[in-house]
There are 2 protein chains.
Amino acid sequence: MANLQDVAKRAGVSIATVSKVISNTPYVAEATRQKVLDAIQELGYRPNLAARALSSGKTHIVAVVFPYVYDALFKDPLVLAILEGVESVLNAHKYNLLLSTPRLSEDGIDESYFNLLESGYVDGLIAIDSVPLASVAQAAQARKLPTVVIGYHEAPMSVRCDDFQGGALLMEHLLGLGHRQIGVISVPKSMNLAVNQRLRGMAQVCTEHGVDFEALPIVEGDFSNRGGAQAAEHLLSQHPQLSALVCVNDRMALGAIQRLQQLGLRIPEDVSVVGYDNLAQSEFSGPPLTTINQHAVTLGQSAAEMLFLALAGQQPAPRVLAPTLVVRQSTAQARPHLAIELTRKE
Amino acid sequence: MANLQDVAKRAGVSIATVSKVISNTPYVAEATRQKVLDAIQELGYRPNLAARALSSGKTHIVAVVFPYVYDALFKDPLVLAILEGVESVLNAHKYNLLLSTPRLSEDGIDESYFNLLESGYVDGLIAIDSVPLASVAQAAQARKLPTVVIGYHEAPMSVRCDDFQGGALLMEHLLGLGHRQIGVISVPKSMNLAVNQRLRGMAQVCTEHGVDFEALPIVEGDFSNRGGAQAAEHLLSQHPQLSALVCVNDRMALGAIQRLQQLGLRIPEDVSVVGYDNLAQSEFSGPPLTTINQHAVTLGQSAAEMLFLALAGQQPAPRVLAPTLVVRQSTAQARPHLAIELTRKE
DNA sequence: AGCGCATAGTTAAGCGTTTAACGGAGCTTG
DNA sequence: CAAGCTCCGTTAAACGCTTAACTATGCGCT
């Protein structure tokens, strides 16, 4: 592979001149500039990024951090949508994307994550930071890395979709349809700060409507389809009077729907089900899912754009997106509820 | 941030000695070694990877390449599963994962991809290489980067799940259930080499059973839920006698099922539907989908393991995984078919 | 003519590592 | 006791780039 020296020799100039041509520094004669460009062409020269990084301190790499807690976070299609948004902006800026998935546990964060932070390999960092356990972003900020947080940990630069409002919208929808016997499928409080906000939003709206949110039956799942299915079965076998199910994410909602249907319940005639996320697939479930769109792609884009502003020396303001309610066919007016026999299948 | 020099000074030795301690070179006295380790501890020293990369030529970064053709390939949950497999192995080896999504078009490959290949930033590369248009892996091999191909382009190191056999398994299943009026939902031939293999496998089995595969009605989608839905509607309105639908991926199958149900058809009583991929969500659709498990996570793991073998100087043999048929509730015995009125909804 | 200034190009230091080459100290050995 | 080990540590070059500091040239002014 050709290096600057080769190019310089071929063009009959010094290394510094070549470097100036490449970096578009002024005060290079047009003729020289052409000679250099030709030499670059002929040799197929490409800069060595490691050398450039060492010398300039800029790597053109942004780390995207998805903590790995109980499971790979990026398995969630929602996270994927965020990644898609980040990728599009990074790509447009010709930056590379380094996917980091530090293992989180009670003992703290994976040691090799710190190595990465201090390696000089990354110019900036975008982190999904929703786990109460530990903040992957704080670790980065402490090391003076420009960091954008997607989530609820405190940070000078952050983006999020208002989960409180999202929860509120969802609950308003259900209450508006006349539902009062509502089951909740959530995750353990220690799992996710965003989910906790959603629950708070729901509680608030309930209070406004004279419903005691705390009294509603709640089961904790693990974000997965299977978790939702199990939770739904559990809820309806214990509380057959329920006319609606709120799930804190779409995957659990989809799992719930499928299980309830297997148990002979009709959605939404017998039970209304809502999710949260608006995954692509949620539009094509049977029935299509009523849910909250948290604009994940935009979330990712915003995060990346903020990071670039910061890298350009500016101080972008935190951004909070407004969630939107997407009403589809998994919810319907609450009917005077008939007791329903649950035919347990497993 | 502390560097080798600082550590050396603190430990009262030379830079070279510190470096030797770090790289576990023999012939360092135990006492010195301890002094150095202490100094490292006290200063919180972490190696600068850019410098290390420049000096040693090793970056400890592996690029995972998902070409971006019509759309971001990594949006597909299947690709995500592959990514999960790759990530787990990379993480175990303490390697970093750089996600590269070069834009592919008729004009060839995105220029910045070549910059990456020759940047000296990556030690090796794992590429999903299933697009006939162009091979992202060949470009890498031409530049002497250790490269593992997931897919059908020729390469010294490659992994794949036997798509021919997968297609065959799927068709055998349907024919075995007595289906003869089968519709096919595929993608344009120019889109994906793996899919083409699946179709060949199906055709072969059809021939063995005296069915003319070429004569079966076929519609081309775009891998998406929506594409599957539209294709299914199109197929059944043109060919109401169909008793089964083969889709070349799960997403289209799920979209198809949903649309057919909307049109008043029962799955599998009226129409059997099969997919390909065995996505996590396919187990939780209504009804759960009969499909082919192509062991995506294992695929990713194998690719990463092969790459590490190659980096260690070995020459791993190509690997072909055997697909497995997963029978769920979206397929049933073909019944004497009643003509079904399609109520078009859109 | 002599000064200042804009333009064009070069020299050389430095980024933080790795590593080959070297040398000294303390052994064994014939 | 000199030669030849082994063991431990140092010196210095190299990786390929960026960039501050410098030199040189030509031009317009007074």
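Two strands pair if DSSP finds at least two bridges between them. In this predicted model, strand β2 (residues 96–100) of chain A and β2(B) are joined by three bridges and run antiparallel. Within that pairing, A:Leu99 stands opposite B:Leu97 of β2(B). The points below cover the interface of chain B and chain A, then a sheet in chain A.

**Extent of the interface**
- Chain B and chain A each bring 53 residues to the contact.
- About 4800 Å² is buried between chain B and chain A, and carbon and sulfur atoms give 56% of that area.
- On the side of chain B, the residues that lose the most area to chain A are B:Arg46, B:Tyr121 and B:Phe284, which together make up 17% of what that side buries.

**Polar and charged links**
- There are 10 salt bridges between chain B and chain A.
- A:Glu87 and B:Arg103 form a salt bridge, with 2.8 Å between the closest N and O atoms.
- Across the interface of chain B and chain A, 20 residue pairs are in polar contact, counting pairs with both residues at pLDDT 80 or more.

**What chain B supplies**
- The elements of chain B that each supply at least two residues to the side touching chain A are α4 (49–56), α5 (77–92), β2 (96–100), α6 (111–117), α10 (225–238) and α11 (250–262).
- Of these, α5(B) gives the most, with six residues.
- Sorted by class, the side of chain B that touches chain A holds 23 nonpolar, 19 polar and 11 charged residues.

**A parallel sheet in chain A**
- Chain A has an open sheet of four strands in the order β9-β8-β10-β11, with parallel pairing.
- The edge strands are β9 (218–220) and β11 (272–274) of chain A; each has a single partner strand, so one side of each is left without a neighbour in the sheet.
- Direction ignored, neighbouring strands of this sheet are turned by 15° against each other on average.
- Three bridges in the parallel sense pair β8 (residues 182–186) of chain A with β9(A).
- One residue pair in this region is A:Ile185 and A:Val219, the latter being the bridge partner in β9(A).

**A helix across the sheet**

Methods
Residues numbered from 1 in each chain as written. Chains lettered and ligands numbered in written order. Predicted model: local features only at pLDDT ≥ 70, side-chain atom pairs only at ≥ 80, totals over all residues. Heavy atoms only, no water. Contact = heavy atoms within 4.5 Å. Buried area = accessible area lost by both parts, 1.4 Å probe. Salt bridge = Lys/Arg side-chain N within 4 Å of Asp/Glu carboxyl O. Polar contact = N/O pair within 3.5 Å; in protein donor to acceptor, adjacent residues only side chain to side chain. Nonpolar A, V, L, I, M, F, W, Y, C, P; charged D, E, K, R; others polar. Axes fitted to C-alpha atoms, helices over the stretch in contact; angles between N-to-C directions.
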